[in-house]
Amino acid sequence: MVRFENVGLRYGNGPEVLRDLSFELAPGSFHFLTGPTGAGKSSLLKLLYLSERPSRGLITLFGEPLSKVPREQLPDMRRRIGVVFQDFRLLDHMSVFDNVALPLRIAGQGEKHTREAVSELLEWVGLADKLDALPPTLSGGQKQLVAIARAVITSPQLIIADEPTGNIDRDMSMKIMRLFIELNKQGTTCIVATHDWPLIDKIKRPMLELFEGKLAEASWWLKPDETLEDPA
């Protein structure tokens, strides 16, 4: 699913912010990404969701080396990736329903299919009563649920979440993590970046740890049938 081979990244003529990253994530696996502030987590996430290209090394996604993917085919590859941003990136002038429906509409899905899919997904995340609400009226946890729904509405193969529990209470954090675990059980590969060590310790999934741009610790391979028990 994801393979990095001696990957490095620098911005412009500056020093490398990521150095010699080599790891492999199996289809259907679940990994945490952690490390101190400034370790390079955001840069690694940008490589994963194709916002940046490496300065050196080889990245393979979905069995395809990125160096051989023509630029015009990148949008198709990005549609196989769902991203949950730390700052939500919801459109405040659009309803919850329309925020979640946006990826389907961009993809040209019919309105009947879109309405059914969005309504079902919002019920699944517990926001069936918020279809017409605007994002500014929601709590931080509710905004995060909307962001997750929007990220998964197109059934991506890979979900990348950047600090999805960073600004919400513990109960909501566990609810959100259970959603990711359920998505993972359905075969979606999940990468969750977090500083929340108690959460990492409770969920007990493999971890990628960055320190000063290098990989400090990696669980290289986790098959779907080797996932651990859900948190209590």
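Where is Glu-163 found? Glu-163 sits in the loop between E7 and H6, and a few notes on that spot and others follow.

1. Ground rules. This is a predicted model, where local features need pLDDT of at least 70, side-chain atom pairs count only at pLDDT 80 or more, and totals for chains, interfaces and linings use all residues. Residues are numbered from 1 along each chain as its sequence is written, and side-chain values use heavy atoms, with hydrogens and water left out. Helices (H or I, at least four residues) and strands (E, at least two) are DSSP runs, numbered from the N terminus.

2. Glu-163. Its phi is near 50°, a positive value in a residue other than glycine. At 10% relative accessibility, Glu-163 counts as buried (buried is under 20% relative accessible area, exposed over 50%, partly exposed in between, with a 1.4 Å probe and protein chains only).

3. Ser-155. Here is another positive phi in a residue other than glycine, near 55°. Ser-155 lies in the loop between H5 and strand E7 (158-162), and with a relative accessible area of 62% it is exposed.

4. H5 and H6. The axes of helix H5 (residues 140-152) and helix H6 (residues 170-185) come within 10 Å and cross at roughly 10°. That makes H5 roughly parallel to H6. For the terms: axes are lines fitted to C-alpha atoms, for helices over the stretch in contact, and angles run from 0 to 180 degrees between N-to-C directions; under 35 degrees counts as roughly parallel, over 145 as roughly antiparallel, 65 to 115 as roughly perpendicular and the rest as oblique.

5. Who touches whom. From H5, Gly-141, Gln-144, Leu-145, Ile-148 and Val-152 meet Met-172, Lys-175, Ile-176, Leu-179, Phe-180 and Leu-183 of H6 (contact means heavy atoms within 4.5 Å). By type, the residues of this contact are eight nonpolar, two polar and one charged (Ala, Val, Leu, Ile, Met, Phe, Trp, Tyr, Cys and Pro are nonpolar, Asp, Glu, Lys and Arg charged, and the others, Gly among them, polar).

6. H3. In helix H3 (residues 96-106), the buried residues are Val-96, Phe-97, Asn-99, Val-100, Ala-101 and Leu-104. They pack against helix H4 (111-124) and H5. After H3 comes Gly-108, with a positive phi near 85°.

7. H1. Six of the eight residues of helix H1 (residues 41-48) are buried, so this helix is largely enclosed by the rest of the structure. The buried ones are Lys-41, Ser-43, Leu-44, Leu-45, Leu-47 and Leu-48. Just after H1, Leu-50 takes a positive phi of about 70°.
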